[in-house]
Each structure stands twice: as structure tokens, then as C-alpha cells.
Amino acid sequence: MTTLLRRVTFTIVIIAIWEVISKLGIFPTFMFPPLIIPNDPGGVTVLKTLFSGILSGQILSATGVTLSRLLIGFFIAVVLGLTFGFLIARYKWVDDTLGYFVTALQSIPSIVWFPLAIVWFGLGTTAILFIVAIGATWTMTVNSSAGFKNVPSIYINAARTLGSSGAHLLRTVILPASVPHIISGLRVAWAFAWRAIMAGELLGAAGGLGYLLDLGRSTQAMDLVLSIMIVIGVIGTIIDNQIFLRMERSVARKWGLRT
């Protein structure tokens, strides 16, 4: 209860500060729109724009488009990341080659790949999926390879003594023992995927939240920009807390790291 109260209080303080700055007239209303209380009767507010966008279906439709792209790209990244991670952990020559290369690729921001994506796939959904996948794959690879490498050898030796090998060993021993690292990789990869798709949609894709952000920028409608930012933040927080954080806590309890 104390944590919830602190968060609510902090949010109220931030809103109050924003409203005061907006009312002082330091910035024009279109640059610094009020969140809740309009500066003029019938004027724009971020909350009003947000609700009208939801009721009209514009924001909901854009959210659906963005999430569909995000889930497809994220799924591709998870499959590639787990595959590369296992190969890096399993074979020394792959670790010396691909593993070294992945470390370099991880340091390259996903948006840097966008010019190549446009040349290779054109300006559209395929390019966005490429940006999302490339933005999350390397983080997933690094975390999954660390998880596979850190499986206690006693587990593997015991399983082999009992006759386990190949795919059965991977499915029953290696993957379960790597779950903590894999979940951490999923959580970080999801955050990178979110950033990648926003950057990609801002630069060249219609129909998503990034497109609405660019529309708000081009029309100087900062109330629309801020309302989309709120939607992005709320969705990101819900997914992180209700899916990935719960998965981490569940694994921690199962492993005896948390009561």
C-alpha cells in the first residue's frame, strides 16, 4: 500500500507541476499543452485528445497495428536469439566467431539499420519487422548464451548418466536450467523491440503509433504527441509488470530464491 501511495503521490505532483508551467504561459499552448485543465474554455488538453482518439478508434487501431508488428518481430528475434545463443554456448568455434560478432552488433543502435532496411525491403511493414527483429535479436542472443553456458555441469552429467542426450537433454535439462537468464533476455529484448518499432514507424510506416507521433509533430499537435507517449508508456509498463516481472518472480520462487 505504501508503494502504491508513493507512486500515486509522485504522479499527482508531476501532473501539478506540468499544469502550473502550462498556465504560466512560458511556452505557447501548442508547444506545452495542459494535461487536464484547458488554458482557455473548450481548449485542448492531452487527456481530452487521448479520450477522443480512443473513442474514435484512431488510437486503438494504431495500437493494434503497432502491437501486431511488434509481436511478429519479437517472435522472430526470440527464435533467432535462442538458436544463436545455443550454438554459441555449444560450439567453441561458433563462440569465437559469431559470439564475437554478436558483441559488436549489439552496440549498434537498431535505427542505424533503417537505411539498409529501406534499400533491402522498401519503405513498409517488412522493413519495420526487420528493424524490430534486429533490435532485439542480439540482446536475446547474449542473454540466452550466458544462460546455456552457466548450466551446472553436474546437471548435464547426471542426465547423461541416466541416458539423456540430444534433444531430450536440451528440453529437460539445459532449457529449464537456463530459464532465469532467458527471461531476463526476454524482458530486455522486449524493451529494445519497443524502441526499435517506434523509431521505425516514425521514419517510414503508416498506421501505427509511430505514425501518429509523426503526424502530431508535423501538425504541431503536441497534445496528440503526448497522448501517444502516454499510451506507449502505459502499454510498456503493463506488459513489463504483468508478464515479464511475474515470470521472473515465478521462476525465483520455483528456484527457492524468493518465498
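I listed the contacts of D223 (heavy atoms within 4.5 Å) and left out residues up to four places away in sequence. D223 touches P33, V44, T45, V46 and T49. The model is predicted, so I note the basis: local features need pLDDT of at least 70, side-chain atom pairs count only at pLDDT 80 or more, and totals for chains, interfaces and linings use all residues. Numbering runs from 1 along each chain as its sequence is written, and side-chain values use heavy atoms, without hydrogens and water.

I placed D223 in helix α10, residues 222-254. Helices here are DSSP runs of H or I with at least four residues, and strands are runs of E with at least two, numbered from the N terminus.

Which side chain of opposite charge is nearest to D223? I found K48, 8.7 Å away. A salt bridge would take a side-chain nitrogen of Lys or Arg within 4 Å of a carboxyl oxygen of Asp or Glu.

I then turned to the whole chain. The chain has ten helices and zero strands. Its C-alpha trace spans about 80 × 50 × 30 Å along the principal axes. Of its 259 residues, 38% count as buried. Among contacts with a separation of 6 or more, 64% come from residues 24 or more positions apart.

Definitions and conventions
Buried < 20%, exposed > 50% of the residue type's maximum accessible area, 1.4 Å probe, protein only. Lys, Arg positive; Asp, Glu negative; His and termini not counted.
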